[in-house]
Amino acid sequence: MTFAQKTFDPTATGPLTGIRVLDLSRLMAGNMLSLQLADFGADVIKIEPPEGDPLRDWKDDGHSLFWKTYGRNKRSVMLNLRQKQAMAALWALVETADVFIENFRPGTLEKMGLAPEKLLERNPDLIVVRISGFGQTGPYAHLPGFGTIVEAMSGFADRTGFPDREPVLPPLALADMIAGIYGASSTMMALYARQVGTARGQVIDLSLLEPMFSVLGPEAAIHAVTGKVKQRVGSASNTASPRNVYQCADGKYLALSGSTPAVAKRIFEIIGCPAMNDDPRFATNSDRVKNRALVDEAIGGWFATRDSADALATMRAAGATVGPVYNIADAMDDAHFQEREIIVDAADDRFGTLPMHNIVPRLSATPGQWRLPAPELGEHTDTVLREAGLDPETLAGEDG
């Protein structure tokens with residue numbers, strides 16, 4: 001497997017060069033948020049306790065690969081905020097910052113003496129991003145809110161899986177990823193509002209719950225109007241048919257979607273069932289959804305007699321929307337992933353190079369830049385403190 005090589009250039013600039021971000025968050029949502037800003041040039045300073053961001057301890061075979069991916073383009077400053085000198089250093093950094101990110105349980109920031117109103121008093125132009133499970137207000141505000149709980153309570157898990165089995169949680173930090181992207185978007189809105197004079201600093205109340213709930217789309221409206229609660233349908237859909245994954249004769253799976261009438265018609269013709277196009281049970285998308293079992297039986301029977309490569313080629317040649325179900329090894333071996341540089345090899349001191357997702361999205365005039373590899377814990381403490389006019393020696397006795 002050959003991927004585009006990416007070397008780090010600390011002098012590279014991006015559209016957010018000059019924006020300084022203090023990231024006090026831990027684990028995924030905050031790191032995803034600050035990664036979006038860092039990849040496009042923002043100076044993201046991770047403020048880490050002596051034990052480091054817990055993301056560093058998410059390891060595979062002893063390797064901290066989550067950190068290497070989500071810590072890129074950031075600088076690490078180690079501060080024990082239980083110590084007065086470290087807190088004084090943080091306040092000095094606050095005065096230089098544009099964005100402040102935290103994901104403590106609501107009320108914790110206030111107990112630390114870092115209430116948003118105090119931050120804004122010290123730096124009126126600061127954008128304070130507060131990430132929590134359920135938001136800063138409401139009956140659940142005080143509850144710890146990891147993505148797992150939010151994925152369950154948002155209604156997402158109840159819609160995932162098969163009807164005769166338990167609800168299925170995503171096997172990755174989906175709620176955190178979605179919240180992180182929402183967070184980066186809202187941060188840019190706040191920075192723009194500041195730039196054009198609509199506002200100065202402000203507080204962004206970003207819960208994991210609300211972005212995750214938004215993924216369900218119009219389901220609240222559907223329930224209010226129809227009185228129905230949509231049920232789990234496995235890999236099928238309550239909204240469109242044909243739509244499912246189908247196993248081929250060689251045991252591999254293909255995913256297929258016929259959400260538009262023209263595509264659905266072509267699929268029925270391909271599988272040798274043109275009469276289905278004249279059958280009132282399949283006349284419209286709503287009819288096909290009602291008779292989804294019959295649709296899947298016909299299509300599944302066709303796939304079951306064919307090798308996956310042949311079935312894929314036949315469907316694609318006829319203009320059907322179909323694709324293979326990949327695992328990560330399949331994706332890494334795919335020519336499209338390689339040519340589009342969806343996966344790239346980033347320079348790495350330990351491994352030589354390390355594959356990871358490329359910077360997303362692609363901007364034609366101001367693309368993201370590979371400036372810094374994920375830092376060691378506290379790697380930039382002295383440098384950042386000196387930039388703020390502080391003497392790192394004043395912290396040596398407290399923070400080691």
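## An exposed phenylalanine

Phe 146 is exposed, with a relative accessible area of 57%. This value, like the others below, comes from a predicted model. Phe 146 sits in the loop that links E6 to helix H6 (147-153).

Phe 146 also belongs to a nonpolar surface patch of about 490 Å², which it forms with Tyr 140, Leu 143, Ile 149 and Met 153.

## A buried serine

Ser 154 is found in the loop between H6 and H7. With a relative accessible area of 4%, Ser 154 counts as buried, because buried means under 20%.

The side chain of Ser 154 reaches the backbone oxygen of Glu 151 at 3.3 Å. Leaving aside residues up to four places away in sequence, Ser 154 touches Leu 209, Met 212, Phe 213 and Leu 216.

## The nonpolar cores

The largest nonpolar core has 36 residues, and Val 21, Val 99, Val 129 and Ile 131 have the most contacts inside it. At least two residues of this core come from each of helix H1 (28-39), helix H7 (174-196) and the strands E5 (99-102), E6 (127-132), E7 (202-207), E11 (343-348) and E12 (352-357). H7 gives the most to this core, with six residues. Another core, of 25 residues, lies apart from it and includes Leu 24, Val 77, Leu 90 and Ala 97.

Which residues does Ile 131 touch, not counting residues up to four places away in sequence? They are Ala 29, Gly 30, Leu 33, Ile 101, Glu 102, Asn 103, Phe 104, Leu 206 and Leu 208.

How values were computed: Residues are numbered from 1 along each chain as its sequence is written. This is a predicted model: local features need pLDDT of at least 70, side-chain atom pairs count only at pLDDT 80 or more; totals for chains, interfaces and linings use all residues. Side-chain values use heavy atoms; hydrogens and water are left out. A nonpolar core is a set of buried Ala, Val, Leu, Ile, Met, Phe, Trp, Tyr and Cys residues joined through side-chain atoms within 4.5 Å. Buried means under 20% relative accessible area, exposed over 50%, partly exposed in between (1.4 Å probe, protein chains only). Helices (H or I, at least four residues) and strands (E, at least two) are DSSP runs, numbered from the N terminus. Contact means heavy atoms within 4.5 Å. Patches are made of residues with over 30% relative accessible area and no salt bridge: like charges are joined within 9 Å, nonpolar side chains (Val, Leu, Ile, Met, Phe, Trp, Tyr) within 5 Å. Accessible areas come from the Shrake-Rupley method with a 1.4 Å probe; for residues, only the protein chains shown count as cover. A salt bridge is a side-chain nitrogen of Lys or Arg within 4 Å of a carboxyl oxygen of Asp or Glu. A polar contact is a pair of N or O atoms within 3.5 Å; within protein, one must be able to donate a hydrogen and the other to accept it, and residues adjacent in sequence count only if both atoms are side-chain atoms.
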